[in-house]
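Subject: Structure for your review

Dear colleague,

Please find below the structure that I am handing over to you. My notes on what was found in it follow directly after.

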Amino acid sequence: MSKFWSPVVSRLTPYTPGEQPKLSKLVKLNTNENPYGPSPLALAAMSAELGDNLRLYPNPDAEPLKLALAEQNAAHGITPAHVFVGNGSDEVLAHAFQALMQHEQAILFPDISYSFYPTYCGLYQIAHRMVPLAEDFTLRVDDYLNTPAGGIIFPNPNAPTGCLLLLDEVERLVAGQPDCVVIVDEAYVDFGGDSAIPLVARYPNLLVVQTLSKSRSLAGLRVGFAIGHPDLITALERVKNSFNSYPLDRMAIVGATAAIKDQAHFDKTRQAVIASREHLVGGLAALGFDVLPSAANFVFARHPRHDGAKLAARLRADGIIVRHFGSARIAQFLRITVGTDEACQALLDALQAHLEDMPVDF
Ligand SMILES: Cc1ncc(COP(=O)(O)O)c(C=O)c1O
């Protein structure tokens with residue numbers, strides 16, 4: 001705290017990102033990165049871009065990328081005017097909070113969801129109300145209807161639970177709140193859900209946000225995008241052009257464009273992650289864990305007899321990092337990223353050993 005800080009900064013509770021450890025020998029299952037590499041075509045495109053060109057500013061609108069995303073979704077009526085791109089979906093979400101959620105009424109999001117949402121509310125001074133998920137951690141659409149809202153946002157599949165809201169339920173929510181923007185944060189949708197992008201043409205209040213960090217394995221490149229009615233996109237562009245005209249650098253534009261076009265690599269790696277997830281879920285269940293149904297590249301699991309924080313600490317001592325959240329409702333859970341089959345097996349072996357020699361907590 002300093003007298004030079006603005007009141008907003010003094011009051012902020014910044015988001016705490018998952019740990020990015022320096023040690024290389026760790027089994028890193030804590031930040032939902034993809035265990036497989038990015039598209040070789042994306043790597044080649046970035047290598048080709050590396051040179052004298054970097055002297056020049058990039059295309060401020062990242063047009064090749066918007067075009068590639070529009071082409072991919074052309075069957076749903078998506079054009080480049082429906083597409084916004086940013087420096088990771090975190091930046092896209094931040095702009096969306098500022099551009100579309102700052103109204104008189106409080107915005108709504110689930111009590112268990114992406115912990116960056118309350119941070120954006122603090123940064124932009126947006127009132128919010130957290131709506132409790134059901135006992136089984138599913139989202140009840142009715143809880144979001146017939147109630148005034150300045151906006152609604154939820155991840156689908158949800159994070160950190162991995163639970164999916166089916167598309168007809170997403171549509172019921174978007175249709176039932178036509179006077180506020182509904183943002184569906186689809187960071188993990190490629191691992192088991194149906195995207196709401198096909199609904200965009202029918203609902204001018206729907207904004208779908210996705211990232212290349214997970215299913216495209218480009219977390220290090222920082223590229224995310226939103227698809228919505230051109231009026232919503234214009235609002236995002238207005239914020240972006242009042243903040244940073246060049247959020248995507250030259251490498252990011254060519255790399256992300258090539259990655260979006262490489263359907264074969266996308267399909268192969270996505271299927272591999274889904275297969276490993278099913279194996280991991282089976283292994284955890286065999287060890288007695290309750291595992292929430294996951295449509296994401298991570299699983300959320302608790303052991304009925306062992307404390308979540310203690311299990312996470314034991315794993316850490318073995319060099320295996322998973323994510324543990326302290327908040328009361330989910331304090332017994334571990335969020336485990338789906339790694340390679342070898343990484344998942346290392347986790348299962350370590351858990352088995354600990355469960356055999358740890359005293360039970362409950
Ligand atoms: C639900 C959700 N939304 C958005 C993001 C941000 O992703 P990125 O900024 O890497 O695109 C994450 C990252 O973990 C996430 O879990």
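A polar side-chain atom of Arg222 lies 2.7 Å from an oxygen atom of the ligand, a polar contact being a pair of N or O atoms within 3.5 Å (within protein, one must be able to donate a hydrogen and the other to accept it, and residues adjacent in sequence count only if both atoms are side-chain atoms). The protein covers 92% of the 400 Å² of accessible area that the ligand has on its own; accessible areas come from the Shrake-Rupley method with a 1.4 Å probe, and for residues only the protein chains shown count as cover.

Please note that this is a predicted model, in which local features need pLDDT of at least 70, side-chain atom pairs count only at pLDDT 80 or more, and totals for chains, interfaces and linings use all residues. Residues are numbered from 1 along each chain as its sequence is written, and side-chain values use heavy atoms, with hydrogens and water left out.

Two further side chains place a polar atom by a ligand oxygen: that of Thr211 at 2.5 Å and that of Tyr188 at 2.7 Å. In total, 14 residues surround the ligand, and Ser89, Tyr188, Thr211, Ser213 and Arg222 are the closest (near means a heavy atom within 4 Å). By type, this shell comprises 6 nonpolar, 4 polar and 4 charged residues (nonpolar: Ala, Val, Leu, Ile, Met, Phe, Trp, Tyr, Cys and Pro; charged: Asp, Glu, Lys and Arg; polar: the others, Gly among them). Helix α4 (residues 88-100) gives the most to the shell, with 4 residues; helices (H or I, at least four residues) and strands (E, at least two) are DSSP runs, numbered from the N terminus.

Elsewhere, 3 strands form an open antiparallel sheet in the order β9-β10-β12, where pairing requires at least two DSSP bridges between two strands. β9 (290-291) and β12 (333-337) stand at the edges with a single partner strand each, so one side of each has no neighbour in the sheet. Between β9 and β10 (residues 298-302) there are 2 bridges, and Val291 has Ala301 in β10 as its bridge partner.

Finally, some backbone details. The loop between β5 (151-155) and α6 (167-176) holds Pro157, which a cis peptide bond joins to Asn156, with omega about -5°. Pro160 lies in the loop between β5 and α6, and a cis peptide bond with omega about 10° joins Ala159 to Pro160.

Yours sincerely
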